Structure formats: structure tokens, C-alpha cells
Amino acid sequence: MPKFINKLHLGDTLEILKKIPSNYIDLGITSPPYNKKEKNNGWLVDKVIYDKFKDTLPEKKYQQNQIKVLNEIYRITKNGGSFFYNHKLRWEKGNMLHPMDWLRSTKWHIRQEIIWDRTIAGNIRGWRFWQVEERIYWLYKPIDNNKIGKELASKDAKMTSIWRNPPENKNPHPAPFPLWLPIRIILSMLKEDSASVVLDPYVGSGTTCVAAKLLGFNYIGIDVSKNYIKYAQDRIANAANEQSKLNKEKELHTVHKTFKQRKINGEHKPKHTNGDLFYE
Ligand SMILES: C[S@@+](CC[C@H](N)C(=O)[O-])C[C@H]1O[C@@H](n2cnc3c(N)ncnc32)[C@H](O)[C@@H]1O
């Protein structure tokens with residue numbers, strides 16, 4: 001087994017990425033630290049405090065680092081591969097900081113902006129409406145400069161660009177993914193080729209790797225915290241315990257009746273819900 005695969009690597013993301021050969025991974029999913037300065041700046045929030053790491057870089061330095069990390073990931077991704085980058089809008093002294101501010105300076109082709117409606121967030125403040133959503137950027141590495149490439153299967157393309165689901169709360173990590181999120185992405189992107197490799201460069205509690213393992217794919221995880229890596233390793237070893245969440249998400253990618261059949265039967269609902277609508 002090649003030395004990076006099916007392992008979690010302890011250290012700084014950028015430094016470890018530099019050691020990985022080019023054109024090595026098929027898909028990546030991550031939520032980086034958001035550079036939220038560890039301030040207690042909302043009415044409901046506790047600070048998000050990480051083990052072994054302070055989320056307090058000067059914003060310019062943070063964005064420059066994210067550009068370097070994303071460009072290294074571009075290098076190690078195969079042509080036709082994708083990277084899903086979860087981030088959010090932030091404000092510094094009232095000025096909005098938007099992920100597009102640095103994403104447009106990377107080598108990636110920005111394919112789609114997905115809204116993750118978490119339905120709740122700690123940072124309620126009176127000078128703006130309650131910000132309950134985050135963003136997920138689908139970044140694409142074209143083949144021969146073709147920015148469209150292969151299309152999603154219709155069972156996956158029926159997902160809308162708004163993903164509504166609350167965050168994970170039974171996890172000791174301060175900012176984990178809910179498991180359905182990487183499962184949805186992997187299910188939609190990778191097709192039964194167990195040699196495919198999924199990367200999470202800020203792996204935290206290991207959610208992306210658990211999803212990859214449950215779906216029969218290889219994974220690579222990176223994190224700066226020994227404690228998170230240890231927790232993630234145990235979780236990956238016991239991934240089968242989380243199988244029921246996989247089944248739940250798989251059901252949303254199943255077609256019971258096509259859009260056409262619903263329309264003929266007068267059952268078509270114009271409302272978009274996560275699994276209730278189908279186009280064909
Ligand atoms: C938002 S969390 C990711 C959580 C993950 N998605 C999960 O499901 O648990 C970001 C992670 O990045 C790690 N981290 C922060 N700076 C890092 C760096 N320079 N290199 C590697 N990991 C880093 C933190 O330890 C933290 O676990």
C-alpha cells in the first residue's frame with residue numbers, strides 16, 4: 001500500500017501536502033480552521049478553541065496560507081478530480097470577508113457554491129440577521145481545459161444546491177462535519193472504484209475518512225493535533241458503528257418515482273427538500 005494511503009498524518013497541512021506526489025488523489029473534502037480569532041463574539045456562543053492550534057492569524061496571512069494549501073491540493077489531484085471546500089462568511093470590524101476573496105486567486109475552477117443551511121448557529125448578533133448557513137465550494141480540476149467534464153448521475157443531480165441539516169453535536173471535536181456531508185459528496189463523485197483516494201487535509205475527528213471507509217474507498221487525513229488524530233483513528237477502526245447514517249443518506253440518492261411519473265400522477269410538489277424531488 002503506498003505510504004500516504006489509509007493513514008492519518010500528524011503535522012502542518014501545507015508541509016505534508018508538499019510530500020505527496022502529483023496526480024495522486026481523486027477527491028478531497030475539508031473544513032479548514034476559519035481564522036475566527038477565538039473571540040467570544042456572539043450572544044449564544046462559546047469560543048471554538050482547538051487543541052494544539054490557535055485560530056488567530058492576521059487575515060492576510062491566513063488567506064495567503066489557504067491559497068498555498070489549495071494550490072498544493074490542486075497539484076496532487078488527478079485531472080477531472082474535485083475538491084469540496086467548506087467555509088463561511090465572516091466579518092472583521094464590520095467588513096465582510098468572503099471565501100471568494102481568496103478562492104479566485106487559486107488554480108481551481110470554481111464550479112458551484114452550495115449553501116449548507118445548518119438551521120442554527122451560535123453567532124447571533126443584533127447588527128445583522130442570524131447567519132445560520134455556511135458555504136461549500138465545489139472546486140474542479142479540468143481535463144484538457146474542459147470545465148464541464150463528466151456529469152453527475154441523475155440520482156445525485158436531484159440534490160439541490162441547498163443542503164439543510166443541523167451540525168453534529170455528539171462529537172468531542174469543537175467543529176466536526178456531520179457524517180452525511182462527506183457521504184453525500186463521495187456518493188455523488190466516486191463510482192465504485194475502490195482504488196479511489198479521498199483526502200481531508202484538516203481531518204479533525206476523522207469524519208471524511210469514516211465516510212470514505214464506509215463506502216469502500218481509500219483515504220488520507222492530516223491534522224496538527226495528536227489527540228484529534230488518535231480520536232479519528234479509533235473512529236475509523238470502528239466505522240461500522242456509523243453504518244446507519246450511511247444508509248440514511250443513500251436513501252436520498254434513490255429514485256422511487258421519477259419527476260415525470262409524479263407529474264403524471266399529480267404528485268409533483270414544487271417544494272425543494274433534500275430527498276423528495278426528482279428530475280429526469
Ligand atoms: C474545522 S476542523 C475540521 C473538523 C473535521 N471536518 C471533522 O469532521 O472533525 C479544522 C482542523 O484543522 C486542524 N488544523 C488547524 N491548523 C492546522 C494546520 N496548520 N495543519 C494541520 N491541521 C490543522 C485543527 O486541529 C482542526 O482539527
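Here are some questions and answers about the predicted model above.

Me: Before we start, which pLDDT do local features need in this predicted model?
Reply: Residues are numbered from 1 along each chain, as its sequence is written. This is a predicted model, where side-chain atom pairs count only at pLDDT 80 or more, totals for chains, interfaces and linings use all residues, and local features need pLDDT of at least 70.

Me: How many residues of strand E10 are buried?
Reply: Strands (E, at least two residues) and helices (H or I, at least four) are DSSP runs, numbered from the N terminus. A residue is buried if 20 or more other C-beta atoms lie within 10 Å of its own, exposed if 12 or fewer, and partly exposed in between, with C-beta atoms placed from the backbone. Asn218, Ile220 and Ile222 point one way from E10 and Tyr219, Gly221 and Asp223 the other way, and all are buried. So for E10, residues 218-223, the count under that cut-off is six of six.

Me: Which helix makes a β-α-β unit with E9 and E10?
Reply: The unit is right-handed. That word applies if, with the strands pointing away from the viewer, the path from the first strand over the helix to the second runs clockwise. The helix here, residues 207-214, is H6.

Me: Is helix H5 largely enclosed or exposed?
Reply: Its buried residues are Trp180, Leu181, Pro182, Ile183, Arg184, Ile185, Ile186, Leu187 and Met189. Among the elements covering them are E9, H6 and helix H8 (243-252). Because nine of its 10 residues are buried, H5 is largely enclosed.

Me: How many residues surround the ligand?
Reply: A residue is near a molecule if its C-beta atom, placed from the backbone, lies within 6 Å of it. Pro176, Tyr202, Gly204, Ser205 and Thr207 are the closest. The total is 19.

Me: Is Lys93 buried or exposed?
Reply: Lys93 sits in the loop between strand E4 (90-92) and strand E5 (95-97). Its phi is near 50°, a positive value in a residue other than glycine. Because Lys93 has 4 C-beta neighbours inside 10 Å, it counts as exposed.

Me: What value is phi of Asn145 near?
Reply: Asn145 is found in the loop between strand E7 (133-140) and helix H4. It is exposed, with 6 other C-beta atoms within 10 Å. Its phi is positive, in a residue other than glycine, and near 65°.

Me: How far apart in space are Gly266 and Pro58?
Reply: Gly266 comes in the segment after helix H9 (259-264). In sequence, Gly266 and Pro58 are 208 residues apart. In space, C-alpha to C-alpha, they are apart by 56 Å.

Notes:
Contact = placed C-beta atoms within 7 Å.
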